[in-house]
Amino acid sequence: MSASAPVSGSTAPPEPRELRPDRKKNRFGYNIIGLAVAAVMAFPVYWLVVSALRPNHEIRSYDQTLWPSSITFDNFARAVKQANFGTAIQSSLIVSITAVVGGMIIATFAALAIGRFRFFGRKSLLLVLILVQMLPPTAMLIPIYAQLNTMGGLNEYWGLIVVYLVSTLPFAVVMIRGFVVNIPVELEESAMVDGCTRMGAFRRVVFPLLAPGLAAASIFALVNAWNEYLFAYILMNDNDKYTLNVWLMTFTTERGTDYGALMAASTMIALPVVIFFMFIQKKMATGLTSGAVKG
């Protein structure tokens with residue numbers, strides 16, 4: 001056999017195929033559409049930040065430009081000096097962090113029970129969780145107000161926390177449950193064979209693999225609690241307990257609205273959610289259990 005003869009049973013790697021011209025055109029068109037949609041969605045955010053950097057007289061001008069003629073940080077200074085700024089931050093942090101952490105703990109155990117155990121009414125419970133998501137929040141405002149009034153939860157942090165926690169639970173349970181059922185049961189069983197209890201197997205094996213689901217659900221819960229306005233405005237009556245979104249009303253007075261400070265405050269309020277997303281975005285990936293169990 002000569003040295004140049006091919007080895008028996010070996011196959012040459014397939015040569016990469018070039019895309020057909022029509023497919024190249026389709027991909028180019030889809031890219032253009034995607035960029036256009038992204039630009040439309042990003043423009044309000046861009047205009048918010050640019051308006052926060054404009055002088056007030058330029059914001060009120062009829063001749064608007066895409067970039068301010070002069071950049072100023074006076075709007076941010078006035079926003080920080082606005083009354084109750086510190087208490088509004090404190091209220092938002094207390095309510096949001098407690099609602100997110102509490103909601104994720106309850107949703108994780110609920111999703112584990114629904115995804116791992118078989119009990120009567122399990123499918124009906126999932127259906128109810130999905131149907132509850134379809135109810136508009138305004139439809140539940142009066143019953144929630146009456147219930148909290150009876151329980152003494154009006155103008156109390158815990159009342160607003162319970163509302164935010166319960167409102168995010170259905171979505172969080174359904175999402176995390178989808179990750180639970182995709183984690184092979186053999187992983188837990190192997191850990192239990194090695195001496196772990198069921199809770200120990202959950203803590204050491206299952207919980208780390210739920211990171212993508214917990215990240216996505218926590219983002220939803222944080223956005224819901226941090227940006228919510230209606231319930232915070234109705235249920236909290238004390239100026240010292242207003243959350244940041246309700247505090248934004250203070251920029252509108254009888255003499256008009258300070259749009260520059262309002263835009264600056266809105267920009268600052270949006271930053272925590274963006275920063276939180278940047279920290280956990282790597283966790284928002286699926287397929288962590290791919291290949292975890294062999295054959």
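Start by selecting helix H5 (122-133), helix H6 (141-151), helix H7 (157-181) and helix H10 (211-227): each one supplies at least two residues of the lining of the largest pocket. Helices here are DSSP runs of H or I with at least four residues, numbered from the N terminus. A pocket is an open set of points on a 1 Å grid over the protein atoms alone, where a 1.4 Å probe fits, with protein on both sides within 12 Å along at least five of seven lines; lining residues have an atom within 4 Å of a point.

A word on what you're looking at: this is a predicted model, where local features need pLDDT of at least 70 and side-chain atom pairs count only at pLDDT 80 or more, while totals for chains, interfaces and linings use all residues. Residues are numbered from 1 along each chain as its sequence is written, and side-chain values use heavy atoms, with hydrogens and water left out.

Now colour H7, which gives the most to this lining, with seven residues. Next, show Pro137, Met140, Val163, Val166 and Ser167; of the 19 lining residues, these lie nearest the centre of the largest pocket.

Finally, zoom out to the whole protein: its secondary structure comes to 13 helices and two strands (strands being E runs of at least two residues).
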